[in-house]
Amino acid sequence: MGRIKVVHTADLHLGAPCRGLPPSIGRQRRKDYMQTLAKISEICKEEQTDLLLIAGDLWEEQYVTRPLVDFVADQFRRIPETKVVIAPGNSDFNHPNSFYREYPWPDNVHIFHEPHLSSIWIPHLNARIYGCAWRQERGGLDWEQLKDSAGAQVVVVAYGTPEDLAIPSSILELSNLAYVALGGAHEHVVWSPKMLAPGSPEPLDFSCRQGHGILKGSIGTAAAALEFVSVARRRFYTLDLDTDGCAAEEEVAQRILDAVEALAPAENLFAVRLAGQAKWDVLKVQDYLDGVFYISIAQSAGTGYDIETIKKEHSRGVVGRYIAAIEQTQCPAEVAARALRFGLDALLAGRVEAW
Amino acid sequence: MVTVDRLKLYGFGRFQDTEFTLSPGLNVVFGGNEAGKSTVHSFIEAMLFGFWKPNLPHKEPEPGWEKYRPWQGGAYGGELEYTWSGGRVKVVRNFADNTVQVFNAEDGRPIADLPLNSWGEPDFARLHFGCNKLIFRNTISISQLGSATDTAVVLEVRKLLSNLAQSGGSGISAEKGLEILQEAKGQLDFELMKSRTLLEQVKTRLAQARRQTEEAARLETEQYRLARKLSNLEGERRRLKSLAREAESRAAQQKLERLDELRRQRDSLRGLWQELSRASIAPDWHQQWQSLQAEIEKAEELNKILSTAWAEAQERTKQLEEQIEALASYRAFDKDTLIEMSSAWQMQVKGRQLIDELQSQLEALSREIREVTGQLSALPYFRPDTLEQAAALQAQTRVQQVDESHDELTAELDAQESKLSKLATLRWLLLTALPVTAAIAWQVQPMAALLAVPLLGAIIAVQGETKRVNLRCRTLRRELYTLEMEFVNSQRRREQAQRELKGLFSRAGVGSMEELEKKFQTFVELSDRHRDLLREQKYLTEKLESYRQESAEKSRELAEILASVGLDDMAMEEALACFRVNLDKYLDARMFLAQCQEQEEAARLRARQAQEDLAALQARAQEMMAELSVQSPAEVEKLAANYTRSQELQQEIAALEQRIQDMLEGSDEDSLREQAAALPPDAGPASYADIGERLEKLDSEILALQAEKSEGLGQLKGLYSKLPSLAELTEELWQLEARHQDLELSMQALELAQKTILDLAQEMHSQLAPELNVMVSSLVERITGGKYNELQVESDMSINVLAPERGDMVDLSQLSGGTVDQFYFACRVAIADLVTGGDLPLFLDDSFVQYDDRRLRSMLSLLVELGRSRQIILLTCQRRELNELAQLAPGRYRAIDLENMG
């Protein structure tokens, strides 16, 4: 049985909103996701890939529109020699009115509509591709039918973890099993040399740490030779920055720019936490940050006061007692920290900026 | 005890390289305005705490930092030495670069292990002085001490204590803090409300966008469904088209068969035509024959008519001749005779009627004349001028009005006579007075004689007037007489006229002018009527006679004529009728005879001509038949019919040709044969009409589906044109929710801060009051020399004092002004000690400016007393304090005169 050239991807989440980002950046990110899909299609074209396996969450069902589906179909139409196999996930759930069912997909696209295992036969590859749409219940899939495909290479495409899908070990040990393409994990996961999840090709939020891309290579009953290829348009960075020693917002901004200089600030997204005694006007700091694609700035939860010194200085007075009372209060830490700051601002500075 | 020992100002405000040494007790720093007293005070504070604003999270210099920068430039800083329980310390500051060094003043070594304050500087002031900048300012640094009035001072005391209770003397007000927090809470509330509103709006928009997106998805699905259905229908259409093509092949075959049949018919007709064409005559020849036959027919008909007419004309002539012969006796008469006879008869008949009418008119007229005559005789005779006469008499009988002038004259006469009477009286008086006057003049007063003159004058005047009046009276009487005579005459004439009028009325038999007028009018009308009737009677009589004469003459003439024609034995009317008839007959016959004879001749000639014409035509017909070699006209017609039939055949042949052409139109025969050949051998019978119908129905369905699809597409376009990005709205919502959550956290924090500060203020209040009580009592006792040794600080910071003279607790405000001042000062000092925990120097900066001499003396005495146990630095601009101290405590204080320093 010959090798099959594949590209494996999942969790593109086309059209999804980006939590924590403003609409203007979100809009650009959604364009980024579409460009990434185009890039994947381009890779398939260049590599003359046999199979493009998409293991779920191709788009966000609540937010998908026909123009978006047109775009996706156009990308698939560009690679007529590549068989595109899609197993819908829980975000692109394959309900009766889903675009998966009704849309006139090009001939090279196959979608597993049902939540139980079915297969398609690819004669020129001597391969049978098994797959299913996502189901809420764990397990319950008839994996035994894979044993009926003796003489052909078996490929599986599905959304979920091996535990969710309850893939028996006997199936994983089948000699004609070429590859199990899974999805649902936003980070690249390797369960076994033949069972992988590529992670989302584009990072979705600031919790995404690792690189993002697709799995590309060849599969066969002998082994899967896949490499992880980064295709992400942008990266997310989270930074902590000490502002002690800064006299003004401009200096803080400069310190930030110095910190991100080497991280392609014009392309990437940054979340910066300012630490230190002083409290800064974040909007003023933002004004000095030209040339950065996106940066959000948060201040540490400190009060900006030297609490210990003030406690000593005002030990006999209301200020010292106030600090002690707040420190002893039973309430969420963030509330206590803000209460401390507001109280000290009211007593010492004579003004409070509560937002 | 902490004391400030030495000050050295390198450069600070107006001071440059200036040094002061202070004593541990009372120090008085004197200087006028702008001498630098406050500068010295500020220098001490700045040396201890620097210029940073207290309690800010970041370093921010106070305004004093710039204010006290040396005017001429140069060094900006200084030294301060102080003594505390731990030794003597020297502080060196450079305000320009904000550096501070702390040394042991005895060995000059830096003191290195001092903790740092919030500004990062050695916190020696808090450690050694026991206070921070705020406490320094609010306790041991005292500016204007109290106010002008006692009540104001008492309030100051309460305020002081309240501040201590809340802030421990730091000057930080919990109450103020709570106010600030409350204000912030209000603003945050507003922000929360705005945030809530924004959230709702975005949620609404999001829900709407979601609905629109779902609708768009539904419409898209519908589009795909319609597309599939369309695809199916189009497949069906293709199948039907295929069937239609089959039907077309069959139709082509049928068409070809029909074409062949038509061609056979055409050829058959062509053969027949050729046959007929050989045995036919030309249409123009046939037309000639037909015209000839028509003429022969007409000629025969005409001949018959003319012969009949000629016979009738002969008959008529004969009848007329016989008639004329029978009425020969009427030869002498004509129409005029008839007219005359008729008019004569009419006259006879009408004449009788007319005479009868005239007679009856005359009778009626006579009756009327008699009647009118009777009426007239009943009336009196009236002359034509009777009415005028009566009117004149009536005018004369009108009562004559008394002339107005008579009244006037009478009135004037009365007046003149009255005047005359008065004049007479006056004259009598005057005449009487004259002698009296004379007598008086003679007897008594000669001068009285002078009165005689006017008296005489008056008498003369009166006399003159009297004469005039008399004359006037006579004139008036004459005029009156004339008027009266005229009146009498007119009265007489009136009576006469009345009598005559009465006589007139009597003759007319009336009683009034109106009756007279009516009767007169009646008389005149009747008279006119009578005259008209007589005239008419005469006219009618003459007319009657004339009619009678004429009638008799006419009767005689008529009888003569009737006798001449033998009709005299008949009644007149009947005879006249017969005469009329016979005469008419005779005259008509005579008149028509000539005509009939002429007509007869004409008819004969016409009949002969018609016969000749007919013979000619018949000869021509014979010639034509000879040309065609036929024996009879029927044969000629047959030839002509052949020609017609051949023409018809030609048309039929042409029509068949046309049909063949029409059938071949749009497709040539070869393609038809090809189409026919394409028909499958096993093709079943199919109705082309049926397929066409089905195709039509299918096309309608397809059109309808396309329209539906198009409509759906239009709806989609409309939706997409206004469909907002669901993802962007979601992101906006998430951002707003995060912000709202943040605001809510802040609100919770504000509420916690408020509650905490409130609780603390109450707690501190309850804690400090007893302590303060003790300290203030002790100090007051000392300050007042034991006079007041018990006081009570209440919860509202009011102070009650045990008044020894009364034996009970009284409010502080009830004590004297001086005592209140002492209490205030004692409170300040007690609070300072309470807060700082020790005997710190007191800085009094122009504190007694508003004090009068008496209170000043009292306070200075206190200061001298306190100066025994703590350092006091009194900064003043008033020389009176120096003077007072010079008297109170000579040599027991240190004076520094800033004005007289080098």
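**Note on the chain B–chain A interface and a helix pair in chain B**

1. Chain B and chain A bury about 4,800 Å² between them, with 64% of that on carbon and sulfur atoms. Buried area here is the accessible area (1.4 Å probe) lost when two parts are put together, summed over both. The model is predicted: local features need pLDDT of at least 70, side-chain atom pairs count only at pLDDT 80 or more, and totals for chains, interfaces and linings use all residues. Residues are numbered from 1 along each chain as its sequence is written, chains are lettered from A in the order written, and side-chain values use heavy atoms, without hydrogens and water.

2. Chain B puts 59 residues into the contact and chain A 56. Contact means heavy atoms within 4.5 Å.

3. Six salt bridges cross the interface (Lys or Arg side-chain nitrogen within 4 Å of an Asp or Glu carboxyl oxygen). One pairs A:Arg66 with B:Glu220, closest N and O atoms 2.7 Å apart.

4. On the side of chain B that touches chain A, α5 (150-167), α6 (174-278), α17 (726-783) and α18 (817-836) each supply at least two residues. α17(B) gives the most, 25 residues. Helices are DSSP runs (H or I, at least four residues), numbered from the N terminus.

5. Within chain B, the axes of α7 (residues 283-326) and α14 (residues 633-664) come within 10 Å and cross at roughly 145°. Axes are lines fitted to C-alpha atoms over the stretch in contact; angles run from 0 to 180 degrees between N-to-C directions.

6. Residues of α7(B) in this contact include B:His286 and B:Trp289; α14(B) residues include B:Glu637 and B:Tyr643.
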